[in-house]
Amino acid sequence: MNWNKAKSILLVCFLIIDAVLLSMYMKKNKDGGSLSISKDDAIEILKAQEININEKELKKGGEYKGYILKYYDFDLDKINKNFFNGEAELDDRYDLKLLTMGDKSVSLSQGTLFSYMDASEEEKYPQMSMDKAIELANDFMRDKELMIRGMVFDGAYLDEDSYQVHFAVKHDDIYLENSFINFTIDKRGVRRVDAMCLEYINTEDELFTLADVKDKILSIIDKPEVKGKTIDKVDMCYYLDQVTLDQASELKITRLRAVPHWRITFSDGYKMIL
């Protein structure tokens with residue numbers, strides 16, 4: 001037999017098998033069911049889509065109780081004092097409060113969504129670097145008293161001419177997803193800060209099943225934004241879905257149920273929730 005021809009036939013067979021496994025998985029996932037596969041199969045199917053993952057990140061799931069959370073309320077008077085020495089001009093638009101002074105401003109939406117902007121053009125840090133950007137972010141949070149309980153560094157990367165420095169919030173070493181403090185920093189210093197944080201209230205009695213990573217991970221393969229990427233780590237998190245967030249905003253709900261999910265972090269800093 002011609003060996004090259006045999007290899008081609010085998011390759012086509014393997015591709016067909018991968019396609020069958022993939023279609024079975026996608027159908028099960030769409031129907032709300034689950035299809036358990038081996039770690040090796042998951043790794044190979046991901047690799048065929050140019051997505052790389054270390055086997056140790058294919059973690060086991062289990063049953064976990066839900067969390068009850070609430071939004072962290074930013075104190076407008078405290079912000080005015082810490083950012084503007086209490087001298088900022090206030091524009092009160094019901095759910096939106098805007099503090100401005102010179103080139104700097106802080107907006108606070110519904111008391112929970114914080115945004116700071118600095119429009120000054122002076123280059124204070126001509127030798128800006130990743131380490132310097134992270135240092136400035138930490139100094140800013142300490143000086144302005146933005147240190148949220150459970151806050152942790154969550155990565156940084158260069159985006160064109162500015163550094164993006166991210167912080168997240170954890171409870172009992174588990175991420176409270178939908179919580180963030182994100183910095184944009186360049187040679188002019190801290191240009192923008194966006195923050196929305198959740199606080200833990202209590203743990204409820206109801207149990208939720210979190211499937212093994214290997215049985216959930218293939219749901220990412222039809223996402224063009226992750227093709228060619230490497231998965232750096234997979235962590236458990238507590239997550240509020242968009243429906244919950246929309247209902248909370250519309251109905252002014254203050255106590256929110258978060259359930260366990262997997263949180264994927266790629267090597268370039270991109271994140272995704274399973």
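User: Which residues of α3 are buried, and what covers them?

Analyst: In this predicted model, the buried residues of α3 are I79, N80, N82, F83 and F84. Their cover includes β3 (96–101), β4 (104–109), β5 and α4.

User: What makes D75 a cap of α3?

Analyst: D75 caps the N-terminal end of the helix through a side-chain oxygen that lies 3.0 Å from the backbone nitrogen of D77. After α3 comes N85, whose phi is positive, near 55 degrees.

User: Why is L99 called buried?

Analyst: L99, which lies in strand β3, has a relative accessible area of 2%. L99 and F84 are 15 residues apart in sequence, and their C-alpha atoms are 8.7 Å apart in space.

User: How do you know that the buried residues of α2 are on the same side of that helix?

Analyst: In α2 (residues 39–48), the buried residues are A42, I43, I45 and L46. They cover an arc of only 165 degrees around the axis, which puts them on the same side of α2. Just after this helix, E50 takes a positive phi of about 65 degrees.

User: Is D118 buried or exposed, and what does its side chain contact?

Analyst: D118 is found in strand β5 (residues 113–118). Its relative accessibility is 6%, and the limit for buried is under 20%, so D118 counts as buried. The side chain of D118 makes a polar contact with the side chain of S120 at 2.7 Å, a distance that falls within 3.5 Å. Apart from its neighbours within four places in sequence, D118 is in contact with D103, K104, K124, V190 and R191.

User: Why are K60 and D212 said to form a salt bridge?

Analyst: The side chains of K60 and D212 meet at 3.5 Å, N to O. A salt bridge requires a side-chain nitrogen of Lys or Arg within 4 Å of a carboxyl oxygen of Asp or Glu, so this pair qualifies. The pair links distant parts of the chain, 152 residues apart: K60 is in the loop between α2 and β1 (62–71), and D212 in the loop between β11 (198–210) and β12 (231–239). K60 has a relative accessible area of 63%, and exposed means over 50%, so K60 is exposed. D212, in turn, is buried because its 17% is under 20%.

User: What makes E145 and K78 a link between separate parts of the chain?

Analyst: Their side chains meet in a salt bridge of 3.6 Å, N to O. E145 lies in the loop between α4 (130–143) and β6 (151–159) and K78 in helix α3 (residues 76–84), so the pair ties together parts that are 67 residues apart in sequence. E145, at 44% relative accessibility, counts as partly exposed, and K78 counts as partly exposed at 35%.

User: How are K132 and E135 placed in helix α4?

Analyst: K132 and E135 are three residues apart in α4, and are therefore separated by about one helical turn. Their side chains meet in a salt bridge at 3.5 Å, N to O. K132 is partly exposed at 25%, and E135 is partly exposed at 39%.

User: How many salt bridges does the structure hold, and which residues are linked in a network?

Analyst: The structure holds 24 salt bridges. E121, D186, R188 and R191 are linked in a network of them.

User: Which residues have the most contacts inside the largest nonpolar core?

Analyst: The largest nonpolar core has 64 residues, and those with the most contacts inside it are F114, I181, F183, I217 and I220. Not counting residues up to four places away in sequence, I181 touches several residues, among them M141, L146, F167 and V193. In soluble globular proteins, nonpolar side chains tend to be buried together. Of the 274 residues of the protein chain, 39% count as buried.

How values were computed: Residues numbered from 1 in each chain as written. Predicted model: local features only at pLDDT ≥ 70, side-chain atom pairs only at ≥ 80, totals over all residues. Heavy atoms only, no water. Helix = DSSP H or I, 4+ residues; strand = E, 2+ residues; numbered from the N terminus. Buried < 20%, exposed > 50% of the residue type's maximum accessible area, 1.4 Å probe, protein only. Polar contact = N/O pair within 3.5 Å; in protein donor to acceptor, adjacent residues only side chain to side chain. Contact = heavy atoms within 4.5 Å. Arc of directions from axis to C-beta. Core = buried A, V, L, I, M, F, W, Y, C linked by side-chain atoms within 4.5 Å.
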